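My entries follow in the order in which I looked things up.

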Amino acid sequence: MIASGALSPLAKGDELAAAVRRKFDSYRDKLKQLADWCESEGLADQASRTRAWLQPVAEDRLLIPILPAQIGGESPPDDAAPGVKEWYQKWMTLRRQQAEDLFSLARGAIRQGRAGLALDLALRALHENPDHEALRRIFGYQPYAGEWRTRYEVGRLRAGQIWDDRFGWIPKSQLARFERGERPADPRWISVEEDTRRRRERNIGWTVDTEHFQVWTDHSLEGAALVGKKLETLHELWSRLFVRYYLTEAQVLSLFDARSRSFAPQPVQHKVVVFRTRSEYNEALRSRAPQIEITGGMYVGDSRTAYFFFHESPDGADLEQALDVTTVYHEATHQLFYELGRVAPTAGQRGNFWVIEGAAMYMETLRREGDFLVLGGIDTPRMIAARFRRLQDGFYIPFREFTAMTMQDWQSDPRIGAVYSQAAGITNFLIHHDGGKYREALVQCLLAVYRGTDTPDVLARLTGRSFAGLDEEYLQYLKAMPPLPPMRLESR
Ligand SMILES: [Zn+2]
């Protein structure tokens, strides 16, 4: 059941978002002053590094910093010029203070029941001070051999293994032989060609285990490792944004409580199969989905497995080009919601199907920009389509009707393409509009729909807005965006 007492503050005027904005504004001023000081001291490189640190506050996207693994990794070398050392001290003083301030805003967000925003702020704080122990612990890191590692990684490393993007986790002592094109075949070593031939012959394939996934493929070891790495990134972001989907309020609170060190969610491993070719994929899954040809991947709840395939790509092309990563993110998101929640068999069949697809489409937007992983944005293909449909085509299904649609309604609707893009638009709106004031309402809506406790008015109730009010607010949200690029949509 959804506790109604916790809901109303989510939708009220957002002082917290305003406080976050103010904090970043004043931080930017301080960094600018430091950059000016660098210039006056003739420290051109340091001035530009300081200026580059001024990240704009993205209102339409989530920016997730990629954290350095090494502890204390950024400090200048001992023989650096005194001016450089002085700059670094000043810079780190500002950053540490900003980290503390963001951490306290994060704790404020927790007190307001806004766990997703709290984790977002805690992560920005960690970006400012990557060696902040309490913050690192929230994200499951511990110090190990001069680096920040998860408990799972520490277990692997203690066992003498290393992660390699090509081979997955292997014994460190074997890396050189792997790189020379040899593979272990107990008790001897054989060539990679021989290994491939044997595995194909016996249909053994390759399995790569990561912290949260077990990937099997009959393509190659590198193929399994690539998919495993992509999925771990997806999992990392999914687990932060939707933390209140799989953890209770009390569990999130205890993450932020330095005294309760013991709590750490047990990792669950999700099964993924990636076929070498589309025809293998079609053949394996046709009995489950008669229209398998039009899918690019699928999650099957009964077998708790997500299925994909490698596309044909020119010889010598990058393996990544053979992977439709957007589809991987989409279907694996369905898998995470399904396997990490208490899911009712009727989920999405009584209405509110939009939220299941909306969340998957949102995670499709995962990409890397510079030192950040990025989610969402008004310029992603589905979002552009959503804006185009609403503002230029005049295609729009009002919230009351749209949220009432079931999975069956979607599948039989001739406007299915436009329906998908509207769900993508609405999800982006709920996650980002006005500092993310509806973000937790969206997560609570997902929770209710997957558990089968949703009612037709669940979204209105959670956001504290009438459906008509949401219609109007969504329209204004789209209208406030910069003009659409010139484009034409195929009719579907
Ligand atoms: Zn889907």
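I began with terms: two strands pair if DSSP finds at least two bridges between them, and helices (H or I, at least four residues) and strands (E, at least two) are DSSP runs, numbered from the N terminus. This is a predicted model, in which local features need pLDDT of at least 70 and side-chain atom pairs count only at pLDDT 80 or more, while totals for chains, interfaces and linings use all residues. Residues are numbered from 1 along each chain as its sequence is written, and side-chain values use heavy atoms, with hydrogens and water left out.

Entry 1: I found an open sheet of five strands with mixed pairing, in the order 8-9-10-12-11. Its edge strands are strand 8 (206-209) and strand 11 (298-300), each of which pairs on one side only. From one strand to the next, the twist averages 20°. Strand 11 and strand 12 (residues 305-309) run antiparallel and are joined by three bridges. In this pair, M298 stands opposite Y307.

**Entry 2: helices on the sheet.** Here contact means heavy atoms within 4.5 Å, and angles run from 0 to 180 degrees between N-to-C directions, with axes as lines fitted to C-alpha atoms, for helices over the stretch in contact. Helix 10 packs on the sheet and touches strand 8, strand 9 (213-217) and strand 10 (270-275). The direction of helix 10 makes about 150° with that of strand 9. Helix 13 (residues 278-285) lies across strand 10, strand 11 and strand 12, at about 145° to strand 12.

**Entry 3: the cores.** A nonpolar core is a set of buried Ala, Val, Leu, Ile, Met, Phe, Trp, Tyr and Cys residues joined through side-chain atoms within 4.5 Å. Buried means under 20% relative accessible area, exposed over 50%, and partly exposed in between (1.4 Å probe, protein chains only). Which residues touch the most other members of the largest core? They are F242, F256 and W354, out of 117 residues. Helix 10 (residues 221-241) supplies the largest share of this core, 10 residues. Another core, of 15 residues, lies apart from it and includes L31, W37, C38 and A47.

Entry 4: I then picked T233, which is found in helix 10. Is T233 buried or partly exposed? T233 counts as partly exposed because its relative accessibility is 21%. Leaving aside neighbours within four places in sequence, T233 is in contact with L366 and L373.
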